[in-house]
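Dear colleague,

Please find the structure below, handed over for your study. My findings follow directly after it.

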Amino acid sequence: MILRHIFSPPNNTRLANLCGPTDAHLRSIEAALEVRIAHRHEQFKVDGPKAKAQRAMEMLQALYEMAAKPIPDAVVQLMLAGDGAPDSGDGPSLSTRRADLKPRSVNQALYLDNIAQYDITIGIGPAGTGKTYLAVAAAVDALHRSAVQRIVLTRPAVEAGERLGFLPGDLNQKVDPYLRPLYDALYDLMGFEQVQKAFERQALEIAPLAFMRGRTLNNAFVILDEAQNTTPEQMKMFLTRVGFGTKAVITGDVSQIDLPKAQLSGLIDAERTLRRVEGIAITRLTSADIVRHPLVARIVDAYDAARGQEEIALALGSAPTQPAPEVAAPRTGLPKTRAPRRKNTL
């Protein structure tokens, strides 16, 4: 299907900002929606499947309206990830340093609604769906509103397939690399100075999961990140830390488990065990909720499809094909001869 549109009245500044440097914005739309975009001055033509061509044209019109100043690449990517508009997901507004923070999809809006409504929320989804970021944003908002007295962020200290050995430094320096994503989200949502002040007045705490045993957390907003790397025993231990006036959010990606192959993930076990428990909400995010480069969603879908084929093959009793080991070719030629020993003669 071919759609045509003429932007009127023509404005060279808006057209330049719409297209981006060397038509970068147009190329991003083409790659994400699998369409072809051609333009000559203010005349644009979109060629592709009907639904995708219509969405591409709607995006061009929306971008033209905001093209009074240069449009960052991130805005285009967010629009591509959010079904055509940066604010396509209706959800609660959060009081953070990011004034533009809004859910970008229906599932993200549902995720935030569940966090606001339930005391324990489990968010499961692939990388880039905003599981951790939105949870930290909800925690910062609750702290600003004095709904909680402190924020506690934790995650298991599990290496991602690499053995790092003994890390140098004191305890904080040893665990900081594992907790760095949580710091990044806090700095973005609160600012460096506010985060430091929150640490000083003990309104903010970041610790590895092993330090949670034996504690009771009252009037706190607790987030367990990377929960797919917990064991069922660790998950039960964390869930039983919840005290009065506390909200707990558990996030994880069951497709990226770094536990030993024979070890059951505590997140998978919790989803099966707690799905019918009243007062606990489970939100499933998919590749359609990814708010990153469009390639990330395609990568996630490709790995999920490959994993699905492997599971089908195992269910049918046929293991996935492996490349045949190389067999050394037999040696040919004459056998080696040994030179006769010289006899010692006296």
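The buried residues of helix α6 are Lys131, Thr132, Leu134, Ala135, Val136, Ala137, Ala138, Ala139, Val140, Asp141, Ala142 and Leu143; buried means under 20% relative accessible area, exposed over 50%, and partly exposed in between, with a 1.4 Å probe and protein chains only. Because 12 of its 14 residues are buried, α6 is largely enclosed by the rest of the structure. This is a predicted model, in which local features need pLDDT of at least 70, side-chain atom pairs count only at pLDDT 80 or more, and totals for chains, interfaces and linings use all residues. Residues are numbered from 1 along each chain as its sequence is written, and side-chain values use heavy atoms, with hydrogens and water left out.

Helices (H or I, at least four residues) and strands (E, at least two) are DSSP runs, numbered from the N terminus. Helix α6 covers residues 131-144 and reaches 20 Å from its first C-alpha to its last, close to the 20 Å expected at 1.5 Å a residue (1.5 Å times one less than the number of residues). Just after α6, Ser146 takes a positive phi of about 60 degrees.

The model also holds an open sheet of 6 strands with parallel pairing, in the order β6-β5-β7-β8-β4-β9; two strands pair if DSSP finds at least two bridges between them. Strands β6 (204-208) and β9 (280-284) stand at the edges, each with a single partner strand, so one side of each is left without a neighbour in the sheet. Strands β7 (residues 220-224) and β8 (residues 247-252) pair in the parallel sense over 4 bridges, and Phe221 has Lys247 in β8 as its bridge partner.

Yours sincerely
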